[in-house]
Amino acid sequence: MSFDLIKLRDQLAHGAHELSIVLPEAQIKKLLDYLSLLSKWNAVYNLTAVRDPEQMLTQHLLDCLAAVPALMNASRVLDVGSGGGLPGIVLAIWAQHAAPHMSIHMIDTVKKKTAFLTQVKSECDLANAQIHSGRVEQLKDEKKFDVITSRAFAEIKDFVEWSGHLLSRGGKMIALKGQPQDNELRGLPIGWQITKLERIQVPGLDAERHLVHIERTTSS
């Protein structure tokens, strides 16, 4: 797949500006390097159904950057079912400059995907990223996470049930969704509540996108 780097660079910079996100040239270059790696590995490992670089930039990079404002105050983030690194890798590249205190962890059960994430971490020099292979239900981390997120991973109920044990006291879970269905929003496990349904606008994407904010109830 050929890349028009100048066009993609301008598209990425313009989209970030629309989102009011500051992206230094070093971060723009790393995001484009990541896009190139995603396209290259995708030819063999089928990491995403999107093939066109411009569509990948809009539907993946800008889509994840649109969620950054909801995550930017976190110190430890877990991306569940990270797959090709969305949103974890995008967040890690942004955070290198804007939030150097932030640690981003990614977990997936598919070894070819965690192998890809490990390669991206190495080639993009992401010391703030940690890759885990396995089921999130079995992940143990004594420090816990103040934000746990996912994108196209599972229904909200399953996301909470499988990952909730890793959330720190006072932390929140944020699911990146298209248009959540009412039955999905009503089906949370006991002890959890949706505190905010936030609609976000992705530059160049004509589709509904939402962030579902979930927290423990005060009595749990």
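Colleague: How do α2 and α3 lie relative to each other?

Modeller: They are oblique to each other, because angles under 35 degrees count as roughly parallel, over 145 as roughly antiparallel, 65 to 115 as roughly perpendicular and the rest as oblique. The axes of α2 and α3 (residues 53-65) cross at roughly 125° and come within 11 Å. Axes here are lines fitted to C-alpha atoms, for helices over the stretch in contact, with angles from 0 to 180 degrees between N-to-C directions. Helices are DSSP runs (H or I, at least four residues), strands likewise (E, at least two), numbered from the N terminus.

Colleague: Which hand is the crossing of α2 and α3?

Modeller: Right-handed. That term means the near helix is turned clockwise from the far one by less than a right angle; anticlockwise is left-handed.

Colleague: Which residues make the contact?

Modeller: From α2, Leu31, Leu32, Tyr34, Leu35, Leu38 and Ser39; from α3, Pro53, Met56, Leu57, His60, Leu61 and Leu65. Contact means heavy atoms within 4.5 Å. By class, 10 are nonpolar, 2 polar and none charged. Nonpolar covers Ala, Val, Leu, Ile, Met, Phe, Trp, Tyr, Cys and Pro; charged covers Asp, Glu, Lys and Arg; the others, Gly among them, are polar.

Colleague: Before we go on, what should I know about the model and its numbering?

Modeller: It is a predicted model: local features need pLDDT of at least 70, side-chain atom pairs count only at pLDDT 80 or more, and totals for chains, interfaces and linings use all residues. Residues are numbered from 1 along each chain as its sequence is written, and side-chain values use heavy atoms, with hydrogens and water left out.

Colleague: Next pair. At what angle do α2 and α6 cross?

Modeller: Roughly 155°, with the axes of α2 and α6 (residues 111-123) coming within 11 Å. So α2 and α6 are roughly antiparallel to each other. Their crossing is right-handed. On α2 the contact uses Tyr34, Leu37, Leu38, Trp41 and Tyr45; on α6, Lys112, Ala115, Phe116, Gln119, Val120 and Glu123. That contact has 8 nonpolar, 1 polar and 2 charged residues.

Colleague: Switching to backbone. Which peptide bond is cis?

Modeller: The one from Leu86 to Pro87, with omega near 10°. Pro87 is in the loop between β1 (76-80) and α5 (88-98). Ser20 deserves a look too: its phi is near 60°, positive in a residue other than glycine. Ser20 lies in the loop between α1 and α2. Most residues other than glycine have a negative phi, and most peptide bonds are trans.
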